[in-house]
Amino acid sequence: MQPFADEQSLLCPYCGEPVEVEVDPVGAPAETYVEDCPVCCRPWVVHVSREGEDVSVYLGREDD
Ligand SMILES: [Zn+2]
């Protein structure tokens with residue numbers, strides 16, 4: 001139960017499928033973690049940046 005989770009619609013950098021990524025809007029101004037794509041199971045490098053209420057998320061590939 002994460003009432004403040006923010007869901008972002010993005011495209012998987014591997015398979016190109018539209019995916020929903022849940023991020024916690026509260027946290028460090030910049031954060032990077034690895035999460036597996038639910039479609040192709042390859043590991044995204046999730047880059048989260050937070051500026052006040054604005055949370056932006058970028059999915060990178062592990063081999064970048
Ligand atoms: Zn994928």
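Predicted model: local features only at pLDDT ≥ 70, side-chain atom pairs only at ≥ 80, totals over all residues.
Visitor: Which radius of gyration does the chain have, next to that of a compact globule?
Guide: Along the principal axes, the C-alpha atoms fill a box of roughly 30 × 25 × 15 Å. A compact globule with 64 residues would have a radius of gyration near 11 Å, and the value for the chain agrees with that: 12 Å.

Visitor: What percentage of the 64 residues in the chain is buried?
Guide: To be buried, a residue needs 20 or more other C-beta atoms within 10 Å of its own. In strand S3, zero of the seven residues are buried, so S3 lies largely in the open. For the 64 residues of the chain, the buried share is 6%.

Visitor: In which sense do strands S1 and S2 pair, and over how many bridges?
Guide: S1 covers residues 6–11 and S2 covers residues 18–23. One of the bridges joins Ser 9 to Glu 20 in S2. The pairing is antiparallel, and the number of bridges is six.

Visitor: Which residue in the hairpin of S1 and S2 takes a positive phi?
Guide: Six residues lie between the two strands of this hairpin. The phi in question is near 75 degrees, and the residue that takes it is Gly 16.

Visitor: Is Glu 22 buried or exposed?
Guide: Glu 22 has its place in strand S2. Glu 22 has 11 of them, so Glu 22 is exposed.

Visitor: Which residues is Glu 22 in contact with, leaving aside its neighbours within four places in sequence?
Guide: The chain brings Asp 6 and Glu 22 together from 16 residues apart, with their C-alpha atoms separated by 5.6 Å. Contact is judged on C-beta atoms, which must lie within 7 Å. On that basis, the partners of Glu 22 are Ala 5 and Glu 7.

Visitor: Which strands stand at the edges of the open sheet?
Guide: The open sheet has three strands in the order S3-S4-S5, with antiparallel pairing. Two of these strands have a single partner strand each, so one side of each is left without a neighbour in the sheet; they are S3 (30–36) and S5 (54–61).

Visitor: What does the twist average from one strand to the next in that sheet?
Guide: The sheet in question is the open one with the order S3-S4-S5. From one strand to the next, its twist averages 25 degrees.

Visitor: Over how many bridges do S3 and S4 pair?
Guide: Glu 31 stands opposite Val 48 in S4. Another pair to look at is Val 34 with its bridge partner in S4, Val 45. S4 spans residues 43–51, its pairing with S3 is antiparallel, and the number of bridges is seven.

Visitor: What share of the contacts between residues at least 6 apart in sequence joins residues at least 24 apart?
Guide: A contact here needs C-beta atoms within 7 Å. Among the contacts at least 6 apart in the chain, the share joining residues at least 24 apart is 31%.

Conventions:
Residues numbered from 1 in each chain as written. Pairing = 2+ DSSP bridges. Helix = DSSP H or I, 4+ residues; strand = E, 2+ residues; numbered from the N terminus. Axes fitted to C-alpha atoms, helices over the stretch in contact; angles between N-to-C directions. Buried ≥ 20, exposed ≤ 12 C-beta atoms within 10 Å, placed from the backbone. Contact = placed C-beta atoms within 7 Å. Rg over C-alpha atoms; globule rule 2.2 N^0.38 Å.
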